[in-house]
Amino acid sequence: VQLQASGGGLVQAGGSLRLSCAASGFSFSTTNMGWFRQAPGKEREFIAAISWSGGSTYYAYSVKGRFTISRDNAEHTLYLQMNSLKPEDTAVYYCARRPADSGSYDYVSNPRSYDYWGQGTQVTVSS
């Protein structure tokens, strides 16, 4: 299983970035996925999750309305479109695989529900 995140960078507050996560080594089109982030000195934080079909999505309150999770199963790629970025969005962003699902926000937002993680991509938002 490999998850390769990319698309991070330096952006001014109010700007946008789109993160990608290229998946390989497993059946991406039948697997639920998610995005987390971790800022220096802080715990890993849930950002967004999506079901295998893309039919169900979940967002942390802090990013709802600004971030959009999506997937292209034909391309085996997960995306995170980030708009209206704020300095507090600065973190390393990780994509992860969620092998099971319960339809519960508590489940999809728990890092222990995920079994494989990408290497992370740095997002820095300047004020």
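## The disulfide

Cys21 counts as buried because its relative accessibility is 0%, and a residue is called buried when that value is under 20%. The structure shown here is a predicted model. Cys95 also has a relative accessible area of 0% and is therefore buried.

These two cysteines form a disulfide, with their sulfur atoms 2.1 Å apart. A search of the whole structure finds one disulfide. The torsion about the S-S bond of Cys21 and Cys95 is about 65 degrees, so the disulfide is right-handed. Cys21 belongs to strand S3 (residues 17-24) and Cys95 to strand S9 (residues 91-98). The two are 74 residues apart, and the pair links distant parts of the chain.

## The nonpolar core

In soluble globular proteins, nonpolar side chains tend to be buried together. The largest nonpolar core in this model has 36 residues. Within this core, Trp35, Leu78, Leu80, Met82 and Tyr93 touch the most other members. Strand S5 (residues 45-50) supplies the largest share of the core, five residues.

Strand S8 (residues 77-82) runs antiparallel to S7, and six bridges join the two.

At the turn of this hairpin there are four residues between the strands.

Is Arg66 buried or exposed? Arg66 has a relative accessible area of 11%, so this residue is buried. Arg66 lies in the loop between strand S6 (57-59) and S7. The side chain of Arg66 makes a polar contact of 2.8 Å with the side chain of Asp89. Leaving aside neighbours within four places in sequence, the residues in contact with Arg66 are Gln81, Met82, Asn83, Ser84, Leu85, Lys86 and Asp89.

Asn83, one of those contacts of Arg66, is found in the loop between S8 and S9. With a relative accessible area of 28%, Asn83 is partly exposed. The side chain of Asn83 makes a polar contact of 2.9 Å with the side chain of Ser16. A polar contact of 2.9 Å also joins the side chains of Asn83 and Gln81.

Which residues does Asn83 touch, not counting those up to four places away in sequence? They are Gly15, Ser16, Arg66 and Phe67. Asn83 and Phe67 are 16 residues apart along the chain, and their C-alpha atoms are separated by 6.0 Å.

## Ser51 in its loop

Ser51 lies in the loop between S5 and S6. Its relative accessibility is 7%, so Ser51 counts as buried. A polar atom of the Ser51 side chain lies 3.3 Å from the backbone nitrogen of Gly55.

Apart from residues up to four places away in sequence, Ser51 touches Asn32, Ser56, Arg71, Arg98 and Asp101.

## Aromatic pairs

How many aromatic pairs are there? The count comes to six. One of them is formed by Phe46 and Tyr105, whose ring centres are 5.6 Å apart. The angle between the planes of Phe46 and Tyr105 is 90 degrees, and the pair is edge-to-face. Phe46 lies in strand S5 and Tyr105 in helix H1 (residues 105-108), so the pair ties together parts that are 59 residues apart in sequence. Phe46 is buried, with a relative accessible area of 7%, whereas Tyr105 is partly exposed at 37%.

Tyr114 and Trp117 form a tilted pair, because their planes are at 50 degrees; the centres of the rings are 5.9 Å apart. Tyr114 is buried, with a relative accessible area of 6%, while Trp117 counts as partly exposed at 27% relative accessibility. Ring pairs link Phe36, Phe46, Tyr105, Tyr114 and Trp117 into a cluster.

Methods
Residues are numbered from 1 along each chain as its sequence is written. This is a predicted model: local features need pLDDT of at least 70, side-chain atom pairs count only at pLDDT 80 or more; totals for chains, interfaces and linings use all residues. Side-chain values use heavy atoms; hydrogens and water are left out. A disulfide is a pair of cysteine sulfur atoms within 2.5 Å. Buried means under 20% relative accessible area, exposed over 50%, partly exposed in between (1.4 Å probe, protein chains only). Two strands pair if DSSP finds at least two bridges between them. A polar contact is a pair of N or O atoms within 3.5 Å; within protein, one must be able to donate a hydrogen and the other to accept it, and residues adjacent in sequence count only if both atoms are side-chain atoms. Contact means heavy atoms within 4.5 Å. A nonpolar core is a set of buried Ala, Val, Leu, Ile, Met, Phe, Trp, Tyr and Cys residues joined through side-chain atoms within 4.5 Å. Rings of Phe, Tyr and Trp (its six-membered ring) pair if their centres lie within 6.5 Å; planes under 30 degrees apart count as stacked, over 60 as edge-to-face and the rest as tilted.
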